[in-house]
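These are my notebook entries on one structure. I set down what I looked up, entry by entry.

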Amino acid sequence: MGQSSSTSSHIKGDDLASSFGKFFKDFKIESQILSQETITLIKTHLKEGDLQKAASAISDALRDIDNAPLNIAVTGEPGTGKSSFINALRGMEHDEEGAAPTGLPQMYLKKMKFCEYDVFIIISFTRFKISDMHLAAAIKKMKKNFYFVRTKVDNDLYNIKMSKPSTFNKDEVLQGIRNDCVTQLQNANMSDTQVFLISSLDLFSYDFQSLETTLLKKLPAYKCHIFMQYLPNVTEAAIDQKRDSVRQKVWLEAIKAGATATIPFMGLIGDKDVEKLGETLTLYRSYFGLDDASLETMAKDLNVSMEKLKANLKSPHLLTVEKEDESLGKKLLRYVEKFCSVSGGLIATGLYFRKIFYLQNYFLETVASDAKVYHRHFHNSFLSKV
């Protein structure tokens, strides 16, 4: 009888480990919030049936993800657009509360605490200066990642187009700027350094998205979650990355909950559950820039009423149950059926998930879908003005 119990535990552990590994295998490198070493460690504990060690490893990973300090140094000569770049990277307007003020003095090398930064971004809007090269050389000796960013390329394009309208070719101008930057770096023995051409006023064009992806690939996995939450929803791919980041965290919390206690996932949804879900929904909406404050700004940008904007979105109404609408419980059941059909495996049966995690995933999918709806409207509106 004891042998049967041991065999059952081993099978359960294999299933858990297999489901855990399969889940994280499906994410791209730039979207993963766990290192491969951490994934392997948790899988090993699950496969051995040691749920306590698995839960402990997950707790450590979640603590690192939640508390990880992320420091990105942005430096360059005065007037290069550092503050505008920082605000663009954070998805903020220059006049928004908490935005970086423009006109900050240059950060000098002797005042910089290198050990506190994860990555350095050196900015210029014309030619890179000798001081930029000296800084890069010092960063390189410290074995830190750094990148050169050439800002305000939209200004260059506009000026050249105005001065030479008959011969203007956008692609040729951009390639010329890039070649000039590469030549400067080659002369400074830094030919292996990447250069990104950007405009902080036009995140849809040039190299802004490539820069984001590069930073995500180079940052430690457990710091990517923090970084992704502040990135602007420039493309639908960026929205998917942000959604996948949050989904992994929800999954980890679910596995941890299942490892410490087996609780049936179905049942009545109490007032406390709804309150917690409301807080979760608000958090997700803020991650994707769909909280009420952001929606008010969007409505002004798109020149539509707040009511009309919300009418095209589902997330603001998820916890509003009207007579003609299906109840929250029915929404949950419908989502669980869809989720299980896609995921498969023991974990998808619900034995190791609380009902709350299914709803969190449902909320996450809905908010991400809304973000894409808004992105399409905003992008089309932006292009019509260009």
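**Entry 1: helices α6 and α7**

On the α6 side I found Val153, Asp156, Leu157 and Ile160, which meet Lys170, Val173, Leu174 and Ile177 of α7; contact means heavy atoms within 4.5 Å. By class, I noted 6 nonpolar, no polar and 2 charged residues in the contact of α6 with α7. Here Ala, Val, Leu, Ile, Met, Phe, Trp, Tyr, Cys and Pro count as nonpolar, Asp, Glu, Lys and Arg as charged, and the others, Gly among them, as polar.

I then took the geometry. The axes of α6 (residues 153-163) and α7 (residues 170-187) come within 10 Å and cross at roughly 125 degrees. Axes are lines fitted to C-alpha atoms, for helices over the stretch in contact, and angles run from 0 to 180 degrees between N-to-C directions. The two helices, α6 and α7, are therefore oblique to each other. For the angle classes I used under 35 degrees as roughly parallel, over 145 as roughly antiparallel, 65 to 115 as roughly perpendicular and the rest as oblique. I recorded the crossing of α6 with α7 as right-handed; a crossing is right-handed if the near helix is turned clockwise from the far one by less than a right angle, and left-handed if anticlockwise.

**Entry 2: conventions and overall counts**

I number residues from 1 along each chain as its sequence is written, and my side-chain values use heavy atoms, with hydrogens and water left out. As the model is predicted, local features need pLDDT of at least 70 and side-chain atom pairs count only at pLDDT 80 or more, while totals for chains, interfaces and linings use all residues.

I counted 15 helices and 4 strands in the protein. Helices (H or I, at least four residues) and strands (E, at least two) are DSSP runs, numbered from the N terminus. Of the 386 residues, 45% count as buried, where buried means under 20% relative accessible area, exposed over 50% and partly exposed in between (1.4 Å probe, protein chains only). Among contacts between residues at least 6 apart in sequence, 71% join residues at least 24 apart.

**Entry 3: helices α8 and α9**

I looked up α8 and α9, which pack at an angle of about 155 degrees with their axes 9 Å apart. That makes α8 roughly antiparallel to α9. I found Glu212, Leu215 and Leu216 of α8 meeting Cys224, Phe227 and Met228 of α9. By class, the contact of α8 with α9 has 5 nonpolar, no polar and 1 charged residues.

**Entry 4: salt bridges**

How many salt bridges does the structure hold? I found 15, a salt bridge being a side-chain nitrogen of Lys or Arg within 4 Å of a carboxyl oxygen of Asp or Glu.

I examined Asp118 with Lys223, whose closest N and O atoms are 2.6 Å apart. Asp118 lies in the loop between α4 (82-89) and β2 (119-124) and Lys223 in α9 (residues 221-230), so this pair ties together parts that are 105 residues apart in sequence. Asp118 is buried at 19% relative accessible area, and Lys223 is buried at 8%.

I next examined Lys372 with Asp240, whose closest N and O atoms are 2.7 Å apart. Lys372 lies in α15 (residues 355-385) and Asp240 in α10 (residues 236-260), so this pair ties together parts that are 132 residues apart in sequence. Lys372 is buried, with a relative accessible area of 18%.

I also noted a salt bridge of Asp244 with Arg243, the closest N and O atoms being 3.0 Å apart. Asp244 is buried at 12% relative accessible area, and Arg243 counts as buried at 15%. Salt bridges that share partners join Asp240, Arg243, Asp244, Arg247, Glu365 and Lys372 into one network.

**Entry 5: positive phi**

I recorded a positive phi of about 60 degrees for Lys143, which is not a glycine. Lys143 is found in the loop between α5 (130-141) and β3 (145-150) and is exposed, with a relative accessible area of 79%.

Tyr206, also a residue other than glycine, has a positive phi near 65 degrees. I placed Tyr206 in the loop between β4 (195-197) and α8 (208-218); Tyr206 is partly exposed, with a relative accessible area of 23%.

**Entry 6: Ser124**

Is Ser124 buried or exposed? I found Ser124 in strand β2, and at 3% relative accessibility Ser124 counts as buried. Not counting residues up to four places away in sequence, Ser124 touches Thr80, Asp132, Val149, Arg150 and Thr151.
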